[in-house]
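Hi everyone, thanks for making time this morning. I'd like to walk you through one structure, going from ring pairs to sheets to cores. Please have a look at it before I start.

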Amino acid sequence: MPLSGDLLRLADAVLFPGFIGHTPPDWLRRRLGDGLAGVVLFSRNIAGPGQVAELTAALRRENPSVLVGTDEESGEVTRLEVATGSSRPGAYALGVVDDVALTESLARDLGGDLARAGITIDFAPSADVNSNPDNPVIGLRAFGADPALVARHARAFVRGLQSAGVAACAKHFPGHGDTAVDSHHGVPVVAESGIEDALHPFREAIDEGVKVIMTGHLLVPSYDAERPATLSPKVLTGLLREELGFDGLIITDGIEMAAVSGAYGIGGASARAIAAGADAICVGGERADEATAAGIRDAIAAAVAEGLLPEERLADAARRVRELASWAASSGSPAPADGRIGLAAARRAIRVTRRSTTPVLPIEGAPYVVELAPVMNLAIDRNTPWGVGEPLGRLLPGTEVARLSAGEATGPELERLIGLAAGRPLVVVVRDVHRYAWQSEALRHLLSARTDAVVVEMGLPARSDLGAVHIATYGSAGVCGQAAAEALTGRL
């Protein structure tokens, strides 16, 4: 049976697709003109703040009410600064400093940048409690492992963003922290014993007035043993709406992720998410073509026509999208940009552990830097610059840098680098060394030859007794590398 134009437009009113390019493609312009709810910007859409402002202005010429979202968490997950690395540290570093006024100010500064670029929803903060240090996808994106700490900083981040007129989005409900599976690839399971701790930051974000909550593709057996949260009426309607009292916009995490699309397909998962209580479908991180966006729209409309999705539920979802668009058009006032707050925060997060009685710092001669580079999860753009070698080279000209991936960190190659570093200070940079056996082995090899080496951990530090001096940055943002370079040279 042909689907009516009105029903297709109603389905489009809850859809946030991605697209390819720095300008809107023709298909997106047409769909916006027909009432498409919004879009999600990824790294591939961003060349710089000025270009993004032109892009969002072009989108609004087609639909003045369009909502524009992006993942700008600061730190590892950055979109606006994907080409340079973030000028602000991420959530974990802010949690280490534990100054809620700083977190709020940094989020307000970030919100100003987003607002000036025409972005109306920031898919941040992560309200996840990173209680599992081996979590493959959250880690430094969380404010920490303590529910109360995460809650107070999530509230501060929400206040800061929304004071600039950008809707904050607490994620990944009901909490992705205590999991060991990446939902891009499978279905993480949340243990019943930790669910109340996981929910605490979301309760606090709701009390703070957060405008948007993003679902996690997580199985929570204590609420629903069969369906992931994104597809579960018990979790989205029963828990989030009725028990926690959230009345804002519920948006899904990327609906193409295997944890939900694997069983139902992208269109089927989208229709089930709306039926469960979600108000908006996010898609496009991995599937950013016209056919995918059209297929989701058609699947949602078909679910209504076939009686699987009540039209009233779809209309209610579209209403919440319109209400958020109205808020975004009339709220907040971006403050002038503060180019210093990010570096100041990164400096405050640095932790230095000295284990040698022999003076090692400050480094004065040009050092040799070995950076061990693991493959990061899909939320982190692999092309974003990171490291200590480049900022250290600015402070100490003549610094040399070698970066090794898993397959390159062989014994002979490490021995070669040890030879090149002879007579020079050696700095070894790692990311989440405890999670990668190859990094641990390479670091052991290097430290056995150079007991005077300095270790800089730019991931989540599981231990601080590595190297003659151990420096933890709690992040790999550009400013974290700069702060580490300053600590190495005695300028911090």
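Let's begin with the aromatic rings. Rings of Phe, Tyr and Trp (its six-membered ring) pair if their centres lie within 6.5 Å; planes under 30 degrees apart count as stacked, over 60 as edge-to-face and the rest as tilted. By that rule there are three aromatic pairs here. One of them is Tyr 92 with Tyr 474, a stacked pair with 6.0 Å from centre to centre and 0° between the planes. Tyr 92 belongs to helix H4 (residues 91-97), while Tyr 474 sits in the loop between strand S14 (469-472) and helix H16 (478-488), so this pair ties together parts that are 382 residues apart in sequence. When I say helix or strand, I mean DSSP runs numbered from the N terminus: helices are H or I with at least four residues, strands are E with at least two.

Before I go on, a word on the source. This is a predicted model, where local features need pLDDT of at least 70 and side-chain atom pairs count only at pLDDT 80 or more, while totals for chains, interfaces and linings use all residues. Residues are numbered from 1 along each chain as its sequence is written, and side-chain values use heavy atoms, with hydrogens and water left out.

Are those two tyrosines, Tyr 92 and Tyr 474, buried or exposed? Tyr 92 is buried at 15% relative accessibility, and Tyr 474 is buried with a relative accessible area of 15%. Buried here means under 20% relative accessible area, exposed means over 50%, and partly exposed is in between (1.4 Å probe, protein chains only).

Next, Phe 173 and Phe 202 make an edge-to-face pair, 5.2 Å centre to centre with 90° between the planes. Phe 173 comes from strand S5 (residues 167-173) and Phe 202 from helix H7 (residues 195-208), so the pair ties together parts 29 residues apart in sequence. Both Phe 173 and Phe 202 are buried.

That brings us to the sheet around S5. Six strands form an open, parallel sheet in the order S2-S3-S4-S5-S6-S7. Strand S2 (38-41) and strand S7 (249-251) are at the edges with a single partner strand each, so one side of each has no neighbour in the sheet. Two strands count as paired if DSSP finds at least two bridges between them. S5 and strand S6 (residues 212-215) run parallel and are joined by three bridges, with Cys 169 opposite Val 212 in S6. Helix H7 lies across S5 and S6, at about 160° to S5. Those angles run from 0 to 180 degrees between N-to-C directions, with axes as lines fitted to C-alpha atoms, for helices over the stretch in contact. Contact means heavy atoms within 4.5 Å.

Now the cores. A nonpolar core is a set of buried Ala, Val, Leu, Ile, Met, Phe, Trp, Tyr and Cys residues joined through side-chain atoms within 4.5 Å. The largest has 94 residues, of which Phe 173, Val 210, Ile 255, Ile 300 and Leu 314 touch the most other members. Helix H9 (residues 258-276) gives the most to this core, with seven residues. A second, separate core has 28 residues, among them Val 369, Trp 386, Val 456 and Ala 485.

What lies over the face of Trp 386? Arg 403 does, at 4.2 Å from the ring centre, and Arg 431 does as well, at 4.5 Å. The rule for such a charge is NZ of Lys or CZ of Arg within 6 Å of the ring centre and within 35 degrees of the ring normal.

Last stop, the other sheet. Six strands form an open sheet with mixed pairing, in the order S9-S14-S13-S12-S10-S11. Strand S9 (351-354) and strand S11 (400-404) are at the edges with a single partner strand each, so one side of each is left without a neighbour. Strand S10 (residues 368-372) pairs in the parallel sense with strand S12 (residues 426-430) over four bridges, and Glu 371 stands opposite Val 429 in S12. Five bridges join S10 to S11, also parallel. Five of the five residues of S10 are buried, so S10 is largely enclosed by the rest of the structure. Tyr 368, Val 370 and Leu 372 lie on one side of S10, with Val 369 and Glu 371 on the other.
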